Amino acid sequence: GAGMTDTMQPRVAAQGRWRNLLRDEELCLWLFIAGAAYHFVGIFPLMTLFGDGIGIANGVTYMIEGGAELNNGLSYRFSQHPGTHMLVAVVTKLTGASAYSVFLVLSAIAAAAAILLGAVLIRNLLGCPLGIGGIALLLVQETYSAGYYANSTVLAGAMSLGALCLLATRDHWPAHLVAGVLFGLAVFLRLDLILLAPVVIPLVHRGPWKTTVARSLVVGAIAGVVWAATYFGSGASLTDIMAAMQDKDDLFSYARETQNSVSSHLAFFSVLSMFLMVIGVASLVTQGKYRVLVVMAAAIIPFYVIFPHGLGTSRYLYYFAPFFALPVAQALWTVRPYPRRTWFVYAALIAVLFAGQSVLGARLVTTDEGNTSVRWRLGPGKPVVGVTNNGGRLFTGVAHSPLWHREQKQVAQAQEDDLAVYLAGLEGDSLQLYSIGWTAMQITVKVLLS
């Protein structure tokens, strides 16, 4: 500029490079790809650690090999996710692979697709690069850990995000028709996905409210018809759902559910993601991006209204991860216009929060006497693990999640192999087995079926 000295020009140029770092779409995209590639290392070996997915695969296996109906005595809550049972059964028959392997591969593919579709949705709503949206999603460990084990949540979540991306990016009736079909099939895969239905309204809103209501009704009607035809055509029953909910209420006390809810939220939200969410929401308000705030509210609030006592596992928040990631991406993206000193302080704070909890943080340390305690240390050690209704989640050392899950899977696979060898060596026509815990029971059934 006019009056700028020769010594000032390099400084201004360097400042521009730093401030434009996150504006480089190619760099952000490569960071996203690298992060996703690392986090999906936890997919292997193909081994599920939780009983629900094994239960679904057990039911499919019994149907195929035992000649039973798909909704049989081994099927896990068939009426809650009949579409998942049917999808796994169809692919298993077509490929000849085991139902367990098919379910695990489908879950891994769905998790990858959901992260990509979630990044597309964030990019459309905020106008940020695809890589920024992807990085924001990877800061939530449930987005990638959902692909580490077989589960119906990730299948339904991926399909629903396909529908929501169509609604957010396409402004014509054919896209809305396809979105309605996809959303109906997603609810068929897992019934509780219906909680995302309210977000359709702000996503299709681009003009007069009369048009918005008409579009929403069309999408909802198509989704309802598709769901009803597939759900009741599969033999599923809403009565079974009510019975299962009653059993859950009887089984888990309020105190235990509260403990699980706290653990699940601590696992879902890191200190860094919560910090960025606050910054992002404030930025959305100051920039007048009220539509984004309405989309977030429509997606998230109904869940907490319907389930006021919390949740038993962070997996139940999986559907809402892209909407929690919206302000995170906004906070990362709006760093661009900050002055150089502010930019460096902001970037340093992000780095400290990430390293402090995800890379370093507290560890479970075993002393020479064999005692285990929680300590803050910079060296190696196992991450602190919180227990929920669906297994462990990391509270610290989250960046080690893929490696930690690989270790857990290898241990579980070895134990399952030992059980198979033991059972094969037993003699007699009948066996009476006792297993402690839901997952142990499902693994035992899996071994017996094989």
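## A predicted model

Please keep in mind that what you see is a predicted model. The values below are computed from that model.

Let us begin with the charged side chains. The structure holds 5 salt bridges. In one of them, the side chains of Asp171 and Arg215 meet, with 2.9 Å from N to O. This pair links distant parts of the chain, as its two residues are 44 residues apart. Asp171 lies in the loop between α8 (152-169) and α9 (173-189), while Arg215 belongs to helix α11 (residues 209-233).

Are the two partners buried or exposed? Asp171 is partly exposed, because its relative accessible area is 43%, which falls between the cut-offs of 20% and 50%. Arg215 has a relative accessibility of 13% and so counts as buried. The picture widens with Arg206: Asp171, Arg206 and Arg215 are linked in a network of salt bridges.

## Two further salt bridges

Next, find Asp192 and Arg190, which form a salt bridge with their closest N and O atoms 3.1 Å apart. Asp192 counts as partly exposed, at 23% relative accessibility.

Another salt bridge joins Glu416 to Lys446, and here the closest N and O atoms are 3.2 Å apart. Distant parts of the chain are linked by this pair: Glu416 sits in helix α18 (residues 401-424) and Lys446 in helix α19 (residues 438-449), 30 residues apart. Glu416 is buried, with a relative accessible area of 10%. Lys446 counts as buried too, at 14% relative accessibility.

## The nonpolar core

Now let us turn to the nonpolar side chains. In soluble globular proteins, such side chains tend to be buried together. The largest nonpolar core of this model has 112 residues. Which of them touch the most other members? They are Leu196, Leu203, Leu276, Phe320 and Phe323. Helix α5 (residues 99-126) gives the most to this core, contributing 16 residues.

Leaving aside residues up to four places away in sequence, Leu203 touches Leu121, Leu125, Leu164, Leu167, Ala168, Arg291 and Val295.

Key
Residues are numbered from 1 along each chain as its sequence is written. This is a predicted model: local features need pLDDT of at least 70, side-chain atom pairs count only at pLDDT 80 or more; totals for chains, interfaces and linings use all residues. Side-chain values use heavy atoms; hydrogens and water are left out. A salt bridge is a side-chain nitrogen of Lys or Arg within 4 Å of a carboxyl oxygen of Asp or Glu. Helices (H or I, at least four residues) and strands (E, at least two) are DSSP runs, numbered from the N terminus. Buried means under 20% relative accessible area, exposed over 50%, partly exposed in between (1.4 Å probe, protein chains only). A nonpolar core is a set of buried Ala, Val, Leu, Ile, Met, Phe, Trp, Tyr and Cys residues joined through side-chain atoms within 4.5 Å. Contact means heavy atoms within 4.5 Å.
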